[in-house]
Amino acid sequence: MDFKTEVRDGMRIDWDVPIVMDDGLVLRADVFRPIAEGRYPVIMTYGPYGKGVAFQEGYKTSWEIMCRENPDAVSGTTNQYANWEVVDPEKWVPDGFVCVRVDSRGAGRSPGYLCHNNDREQQDYHDCIEWAAVQPWSTGKVGLNGISYYGANQWRAAATQPPHLAAICVWEGWHDNYRDGNRHGGILCSFRKNWQDMQVKTVQHGVGERGRKHPVTGELACGPETLSEEELVKNRENMAAQLLAHEWDGPYYRERSANLARVQVPLLSAANWGGHGLHLRGNLEGFVGAASTQKWLEAHGGSHWAPFYTDYGVNMQKKFFNYFLKGEQNGWDQEPRIRLQVRHPGEKFVERHETEWPLARTQWTHFYLNPHDMSLSRTPVQSSGSVTYEALGEGVTFSTPPLTEPMELTGPSALKLFLSSSTVDADVFAVLRVFDPQGVEVVFQGALDPHSPISLGWLRASHRKLDPARSLPYRPFHSHDEKQALVPGQVVELDVEIWATCIVVPVGYRVALTLRGKDYEWDGPAASLSNMKHPMKGCGPFVHDDPEDRPVDVFGGQVTLHFGADQPASVLLPVIPQA
């Protein structure tokens, strides 16, 4: 037997179980199962963060924040088996589940070439699912659950249609490799470069003696072999270089994105209103686009990781999986298809149930940008005007007057601009904001950044070409397949996708739109997380500061916005009628 088995903490645990892939490579998994002999449904995760790295050590500040702000997330368990963004087996095994954690190819205890989200990884996940289904402790029903990477790769695994995959719970997980995280509106996001440096290279297979040890077994989390830095570099894709080299959508990104038409299993998509820059769009578009006839959407606030582990999150996940993996008639089929935690200032949330997304009763309302008084108004601008700002600068802000009645915004937004540049291109950073009666911006806990605006949108002007077959009035869809350079001084029309939001804006508050030439920054101290390379200033780690992608000679200069009866610049907002 090529692995170790022991009984401890009410579980039978198999450490480093080998799973042979179709090309002969052996991946390693930890299996947590009930002590009693029998067959149980499986909850599986597959990913690159190292199954042998303790949450408390690898993500120290995130763990401390969760303990402080969400004590129920760390209650009822010894937390000895806590691992970043996957289920705690001590909360699942007693309820009759087997929990399987697989180190993905090239990560942790699994050897091989480390290349994220490609076809090879998807085939590996498919093979792992089918392996688990035929084990003597398995009922043959496998469910996938997990946050972020462990959520995003569920879309793609489900699209390979493993026969024994019974249900997926995508907790804050993107699905479009181009639009959801790597090239917002065509602009390169620096997140992946820093993510690979901080969270992936550190747990690559072969780090060995230079890495962490498993808190329970004492084994090397990235071993057992220790490779040289040169060998490690050869064993992984240079993701930053690949993303920089691939400016346009195409085979590279499509291979790493989900074909939602093939996602047909029951699914629960859990989104975070503060997930701008990586996951929110994927959860919403994934829910809408998936072919499954049994699908549910939940949307919450708070941090990227804690809600998954809270009683609220775990109870919802268990009810879903008990229904689809165990066949329990627990009423899940009667659950509302849409469960929204509707956000109010002060991090207050009120649960509300809906039947569709976007909400059918949405009053899609144009707020026109007025250059004469810098207002957002429901009245179109008749007289011509223009506003100019530095193309890499702080930009300009348009605002509603103080609201005379509450206004709920729930859903995606779309921005129409008429723009000219002094150069051959321009990057537009759109920020939806809320200000209180004293003029102080109201920011919110984002998935990672504690000081986030209500929504963000991005577009590179040379990427303005729309895909008419996929564009909607409230959600423009850009093809990102052809450069349409600007002619200096010549006006072009831009349609900018602004990601979804949910906020009830009180009386006396104002809604504002800021158009900038660079990322939003909150006017306050930066925040830090131990697993993030740089302090966060309002956009979390999802910034666009690569000098090769945004050379000053192209993206500097000046941008001019144009307005008038024949240039109706506006933002289309999702206003929800108040009951």
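Me: Is E347 buried, partly exposed or exposed, and at what relative accessibility?
Reply: Happy to look at that one in this predicted model, where local features need pLDDT of at least 70, side-chain atom pairs count only at pLDDT 80 or more, and totals for chains, interfaces and linings use all residues. Residues are numbered from 1 along each chain as its sequence is written, and side-chain values use heavy atoms, with hydrogens and water left out. Buried means under 20% relative accessible area, exposed over 50%, and partly exposed in between, with a 1.4 Å probe and protein chains only. E347 therefore counts as partly exposed, at 33% relative accessibility.

Me: Which loop holds E347, and what is its phi?
Reply: E347 sits in the loop between β12 (338–344) and β13; strands are DSSP runs of E with at least two residues, helices are runs of H or I with at least four, and both are numbered from the N terminus. Most residues other than glycine have a negative phi. E347 is not a glycine, yet its phi is positive, at about 55°.

Me: Where does Q161 lie, and what is its phi?
Reply: Q161 belongs to the loop between α5 (149–159) and β7 (165–171). Q161 is partly exposed, at 33% relative accessibility. Although Q161 is not a glycine, its phi is positive, at about 55°.

Me: Is the peptide bond from G223 to P224 cis or trans, and what is omega?
Reply: P224 lies in the loop between α7 (191–200) and α8 (229–234). Most peptide bonds are trans. The bond from G223 to P224 is cis, with omega near 10°.

Me: Which residue is joined to P358 by a cis peptide bond?
Reply: P358 is in the loop between β13 (348–354) and β14 (363–370). With omega about -10°, the cis bond joins P358 to W357.
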